[in-house]
Amino acid sequence: MLCSRSLGGLGAGVAALRSRPAGQVRFGAGIRARRVSTSWSPVGAAFNVRPQGRLLDLFGERQGLFGVPELSAPEGFRVAQEEALRRTELLVERVCSTRPGPETVFIFDELSDTLCRVADLADFVKIAHPELAFREAAGEACRSIGTMVEKLNTNVELYQTLQKLIADKKLVDSLDAETRRVAELFMFDFEISGIHLDEEKRKRAVDLNVKILDLSSQFLMGTNFPIKIEKHLVPEHIHHHFVHDKNHIVVDGLHAEAPDDLVREAAYKIFLYPNAGQLKCLEELLSNRDLLAKLVGYSTFSHRALQGTIAQNPETVMNFLEKLSDKLSERAVRDFEMMQGMKMKLNPQNSELMPWDPPYYSGVIRAERYNIEPSLYCPFFSLGACMEGLNILFNKLLGISLYAEQPAKGEVWSEDVRKLAVVHESEGLLGHIYCDFFQRAEKPHQDCHFTIRGGRLKEDGEYQLPVVVLMLNLPHSSRKSPTLLTPGMMENLFHEMGHAMHSMLGRTRYQHVTGTRCSTDFAEVPSILMEYFSNDYRVVNQFARHYESGQPLPKAMVSRLCESKKACAAADMQLQVFYATLDQIYHGKHPLRKSTTDILKETQEKFYGLPYVPNTAVLEIRPRDSPMPGRCFPLTEHVAILQSTVLFHS
């Protein structure tokens, strides 16, 4: 019910913007300011230079993360969570003593917002903050708030308060459509949490949910750890491709685009080598999810997770996946044969196509067939130029401009994080986007969107402005050039910015349904639409300029780039079918008939087409912009095994 967060998703449609006098903007709770801020600067220039000036603020007052005063130190998370829990108790008392009506739904939403404002922020900090103390404090806050959410989801008095409203047909008919829908969603969350059970079973449901929360956090954090291996176990001539740590080689990813076959093979086998602790955690997680589903009345966890989505049930999903796989199979086989032919051409001594090969050889095929070597495109796609392109696009489509805004001391977690103000030409400030775009040590290798604070209409008539984070993993600028993006990076930037803009524009009355809080199987649709803009010459021509000469990107190069996307597309799609099918099997009928690794092997060979590599377990997080595409979700949802299907995420 409460704190229902679809952090990486994108909802269906943009709500109408509230009317406000032109020339004014409301910052936070009731503070009015002029629409133009002296701290704003052009967005393109802000991303093509390294941040400067923050060191001059050594003696300034330190603000908390995201401007939250308590979060100037890790201990502030305890203060924030205790205040949220105290306010929660007051709101529960208030709603239970309120006569059923529209105010009931408003208080429920305020209750949800009170918890989400701590939980959402902590969800991000626990995986992205460079300081361990902050990450640990945020993790504790997530657990504390999550436990309260599950208790409220099984609170009979709270449920009965909403039930009185829902049961009164005349009262329900008098509600506007948005209020009625939000009331139904809160009721749905009660129902799937086991509100119909007796007291002992409700307590069991809460315990299972908390256990699942702990196991999910443990498993997901484990997927981020780089793998250390003794140097003598890795061929010496490829050592320089990896990070060194004294007598060890550190493998922090698949190195999928490395031209050397042996580097890719070594990275694949080392990074995906089964970890006994992770496998045990996965098995416990799946088992507990199944126990919860059965306890609250579902035959499998997949049935529970898919209720309320477009697909509705696992049978529909599997029927779709099997039909799609049948349609793809011949074309996927041809794609694999084409890749194998390229491998044989470049490496005749070892020409068998293996799972670590498609990302690299499909890229080689595209480059050779369409002359789209990424290095030819990068100079035209400086990060600043791409951001200015987004700014131009949003301005023409939506009357919106992006401005760089200097964050206060302590407001951001890394000095290279940029803060953007999103400003409408007549409505004023719509919200803020924090851009955590650059690589750093221990940062997850993942591109995604996080909601930090949802938008909603507050009791005093002010609109609570949304705050989001976009997290990418781009290279830093160098002395000689700004950050230069490959075509894939540029497309992914557009995709993620689509999520952010929906959060800005989804100005609903209730935060429970604002912006990206939507059904996950529709989540990617609007942001995928943004990818089409990134591949349209009429858009690209507005911003793609060589960072040195200013020369525009030739139209022929854009055409070749778009055409190249068709190459090996069936094999890429087949990989997504494999992931989705694996998800459905893992969350299907329990007990599982085989180990998770045996199921992985069987499903890969049936639904992908390339052989399973012994002693590997594909349980790592796959960034969306990886050459082997994955879903675009944050750490709380983005794994090979998911709470719901990847049906429409291809």
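Author: A term to begin with: buried means under 20% relative accessible area, exposed means over 50%, and partly exposed lies in between, with a 1.4 Å probe and protein chains only. This is a predicted model, where local features need pLDDT of at least 70, side-chain atom pairs count only at pLDDT 80 or more, and totals for chains, interfaces and linings use all residues. Residues are numbered from 1 along each chain as its sequence is written, and side-chain values use heavy atoms, with hydrogens and water left out.

Reader: Fine. K343 and D357, buried or exposed?

Author: Both K343 and D357 are buried. They form a salt bridge, with the closest N and O atoms 2.6 Å apart. A salt bridge here is a side-chain nitrogen of Lys or Arg within 4 Å of a carboxyl oxygen of Asp or Glu.

Reader: What does the K343 and D357 pair tie together?

Author: K343 lies in helix α12 (residues 314-346) and D357 in the loop between α12 and α13 (358-370), so the pair ties together parts that are 14 residues apart in sequence. Helices (H or I, at least four residues) and strands (E, at least two) are DSSP runs, numbered from the N terminus.

Reader: How many salt bridges by this rule?

Author: The count comes to 34.

Reader: Which residues are linked in a network of them?

Author: One network links R87, R94, E103, E110 and E459. Within it, R94 bridges to E103 with the closest N and O atoms 3.3 Å apart. E110 also bridges to R94, and there the closest N and O atoms are 3.7 Å apart. E110 lies in helix α3 (residues 102-128) and R94 in helix α2 (residues 76-96), so this pair ties together parts that are 16 residues apart in sequence.

Reader: And why does E110 count as buried?

Author: Because its relative accessibility is 6%. R94, at 25%, counts as partly exposed, and so does E103, at 40%.

Reader: Switching to strands. Which strand is joined to β7, and by how many bridges?

Author: Strand β8 (residues 418-424), by six bridges, and the two run antiparallel. Strands pair if DSSP finds at least two bridges between them. E405 stands opposite K419 in β8.

Reader: How many residues of β7 are buried?

Author: Five of the six in β7 (residues 400-405), which is mostly covered.

Reader: Last one: where is D290, and what does D290 touch?

Author: D290 is in helix α10 (residues 276-295) and counts as buried at 6% relative accessibility. Leaving out residues up to four places away in sequence, D290 touches S299, T300, F301, G588 and H590, where contact means heavy atoms within 4.5 Å.
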